[in-house]
Amino acid sequence: MIMAQKSLIKYILWGYTWLLRLKIVSPVIWDKKTSLMVKLGPSFKGEVCGLCGNYDGDWNNDLMTRGGEEVVEPSEFGNSWRVSATCPEASGVLSPCSMRPYREAWAIRQCSILKSDVFRTCHTVVDPTQYYDACVQDTCACDAGGDCECFCTAVAAYAAECSGKGVCIMWRSPTICPLFCDYYNLNEGCEWHYKPCGQSCMKTCKNPTGVCYSEIPPLEGCFPQCPSDRPYLEEATMKCVAREECGCYDDEMTTPAHQCACSYLGQKFPKGSVIYNQTDGTGWCFTAYCNSECNVDKISEPCFTTPTTPSTLTTTSTTIFTNPSSTTTPSVSNKNCTYLNPPRKNGESWIQDCKEEICIDGSVISKPVHCVNSDLPVPVCENTLPPVKVYDETGCCYHYECQCKCYGWGDPHYVTFDGVYYAFQGNCTYVLVQEIIKKYNFSVQIKNYMCDTVQNLSCPDYLTVYYKSYQIDLKQTRNPTVNKIYVNGVKMNPVYSNADFTITTTGIAMTVDIPAIQAQVTFKGMNFVVNLPFSLFHNNTEGQCGKCDNNTSNDCRLPNGATANSCEEMAPKWQVNSTQCTNPPQPTQPPQPPPVTPTCQPAICQIIFNKAFEKCHKVIDPESFYKGCVYDVCHMRNATGCSSLESYAHMCAEESICVDWRGLTNGQCAPNCPKNKVYMPCGPKVEETCNSRFNDKFVNCESSVCLDNVREGCFCPNGTTLFNTVTDICTAFCGCTGSDGLPKQPGEKWRSQCNNCTCSKESMGPVCIPVSCPEPESCTKAGYELQTVDCCQKCVCNSNLCPKPVVECPVGFQLVQNNTNSDCCTTFSCEPKHVCVFNTNEYLPGDKVPSDSCEVCVCGSTVNPSTHLLNTECTPISCNKTCPMGFSYEAVPGQCCGECVQKQCVYNNAGPPNTLITIEVGQSWTDKNEPCVTINCTKINNAYVLVKIPPSCPTYNPEDCIPGTEQTTADGCCKTCQQQNCGVLKNTTYLVVDNCVSINPVEITSCAGSCNTSSIYSMAANTMMHHCSCCQELKTSFMQVQLRCANNHLKPYTYTHVERCGCQITECSDSKESE
């Protein structure tokens, strides 16, 4: 932290609480455990975001994610504000008491202190409800019984809120969350005492002036009473010391001795106070605050109307509400109504107990709320149902509306919202009701099935309610009656609720309540009722239930908006598109309810006109139910008519008329309750359980869901209580809950999480002590480890800890079983053999071992200490470097010894004398014994080859010679003569050019022979007349051969080949002068 930042922060330990003070923010208070409070001034309004909300005066949008999206689920909201993306997301919040039902009873009993006389003086100032709920949940969340930190922190939070409102509660005791301060008491005279609401500011070494921040609320904790000779508290050592004994502290850590104030119109206002709050009478409010720096902050904004039911919970970020219709401009000298709860500003108006109240100069002026619609006439409803009172948002004024109630029963019979009765035999999924213009994303669908294939009659199978993104499936099976509830495909408990809807069941009926749109859907297997508020769904419904507009003429509305001739014709058109079902044949004429014939008048249907229903006859016409009953009994096999009676009785109960009718059916319509429950025709909609929090939420609440009519169903008999909605157990005691979630009788014992628990007869709660265990035994054998067995440490064999078995040993080793004292593991190991190993082969001592080096190796007798195998002993190899004539010794890469490589040709002179001669490549040599033969050395394919080249002699034919001209060449190798005629001479020999020799013998041609040549004296010319002719080539061509040179290189060579010879006249020259 840099110095500029350091000056912005100040902190102090007060009681057991740390206070962090920033110059721009009021104190941040932390109890060093689980409680944290951040207090902001008005200048932060609308400028913050995060887990604490956005402080804009509207609590509805506090669950706004980092991306600016308003969500419903707290987990989704919280996960969006993670600082680090590597931090795992929190899962959906589960009820701690549901996860640990055995702690719930103890948590409820402990947290009941918040509603007891201990906090009685605070109940009128701070509503304890939310603190009690949080206390129960937090206490259930603690890991083990007796761990009171969660409970104590929750109670301390409520006590701190009370203290902040001026109500000090001494609630701790030696048995309830004691706070011991004697730890700091020494023999130096400094006494520490616990105080529930703090003490006046004292002098400390960090705060020698003894002046504290005005924003600090009263805090509980341990506080000292320092003697006069040591009046300063040294916070580092928690001792009282003299001033000179205080350590050195930065000035920024010292609290200033003076407090600033704002000046306005000659008056002083402390920081954090409201200077004025005015309205211009046209809807704009003007407010001025003295901020934390004692500067005046002025705010102008549209006025907000006062909530109809002011909350009893207050926060430090209070929004000032004024009446926008008021033209009063109070001055700063006017008095506020600070004695009210919550306190009211001068000129502020609100509604309470159906009275309009306004604070005027410290006094409250009240007048009755004026109801605008009170004089409206009571409507006449087409569905013959009595109109209902509908209260406005104040709860003070009401008007009458018709009921939008659609219901059906039997095989099935339908009555639309406006009271049109019809029967429809469809075996598919159909839309009962949906919105024409989507406002609430609400709809209801029903799935029918063929319950009588002979008569082609159908019955309801299950009901599906769609709301927002929820899909709620209600299904019931009979004999015995079993209700199944699914929310988005997940099976739920019989009683379930979230922020959007509530589901309750009485064993016979399942009811879905949606408070936000005041919708209620009830399903009993063969019966259903859809009840919607006329004010929200008027003229905006369609489906098999028709249009809710108090007009029967358009109830048979088709999906395209047209009106069918009859509702029987309309009903199949509302088949859900995604389903494939066979629709019943369309009637050619609108059918009428089946007439009551003298031959079929079931006695059970006459019960509808029984005296038991007499009160209901005046409210709901029974005729449709009676006709439906007769139709079912007379046309369906095994039909009893119970569904018609049940549906009529349910409609009567909706109008608060209870009818006990099942006993009149001689057992034909028995409720089939479980053995542990009894039937009640007028039981509660939600049965009370041993869970008091459940009762407070569902049974004793005051919402529209709870203030509903009675329901028939199966309930626990008198003297017993439903333990919870999950187990469906009736119990005479509600004291304890075992770890299995089942009730425990007083004195009953069980084991829970390594605790021996007993249901206390005194507290009716569980008393648990840890299981006593002996000293853990030594556990050193192979494969054994200490494990918790029956809550105690025991030495247990764990085969996973055994050494891994050796599958096979490496070369040179053999597998042997180890000797061990463990009866848990059987182990093996590899022991070395008395061998050498080379290239995965074993060699006995004395065996020759192949070697990759220039050595001769054998398996020795000594042992290698690292490998534990025999050593291989090696000696270097001796190389022979003597080579024959013409050869030279050369090293060979990758071999230990080199080799003799031929560099010259070797010629064996047969003699005499017999000698060996070396000839270099490309050189020639003539043996004196064969002077006419030339010996040439050449290298062919890396082989040195001697080539004998005979002499090149022209063709010699003595017959062609001029007699007397025969002679031998100077070297004595060829005979020549002067041939008589000029012609072509041929000679076959090897062609040698620049030390390169032709591969094959070559035919060499030449011209030879005599031509007519003469020298005659001419008497006429008196001189010698010469006639000369020469034998020479007349036609030649070029021939090409391949020559092999000394480096074994081949090259082409072109020579001249004579094809024809002849005599050519040439000039004769005188070679002798005349004398």
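Cys97 counts as buried, with a relative accessibility of 3%. In this predicted model, Cys97 is joined by a disulfide to Cys140, with 2.1 Å between the sulfur atoms. The structure holds 39 disulfides.

**The link of Cys97 and Cys140**
- Cys140, at 0% relative accessibility, counts as buried because the cut-off is under 20%.
- The link of Cys97 and Cys140 is right-handed, with 90° about the S-S bond.

**Two left-handed links**
- Cys205 and Cys246 form a disulfide with an S to S distance of 2.0 Å, and both cysteines are buried.
- The link of Cys205 and Cys246 is left-handed, with -70° about the S-S bond.
- Cys205 sits in the loop between strand 5 (191-195) and strand 6 (221-225), and Cys246 in the loop between strand 8 (239-241) and strand 9 (261-264), so parts 41 residues apart in sequence are tied together.
- A disulfide also joins Cys556 to Cys567, their sulfur atoms 2.1 Å apart.
- The torsion about the S-S bond of Cys556 and Cys567 is about -90°, so this disulfide is left-handed.
- Cys556 and Cys567 are both buried.

**Other cysteines**
- Cys49 counts as exposed at 56% relative accessibility.
- Cys150, at 28% relative accessibility, counts as partly exposed.

**The chain overall**
- The protein chain has 13 helices and 67 strands.
- Of its 1075 residues, 39% are buried.
- The protein chain exposes about 58900 Å², and carbon and sulfur atoms supply 51% of that area.

Definitions and conventions
Residues numbered from 1 in each chain as written. Predicted model: local features only at pLDDT ≥ 70, side-chain atom pairs only at ≥ 80, totals over all residues. Heavy atoms only, no water. Helix = DSSP H or I, 4+ residues; strand = E, 2+ residues; numbered from the N terminus. Buried < 20%, exposed > 50% of the residue type's maximum accessible area, 1.4 Å probe, protein only. Areas by Shrake-Rupley, 256 points an atom, 1.4 Å probe, with all protein chains shown as cover. Disulfide = S-S within 2.5 Å.
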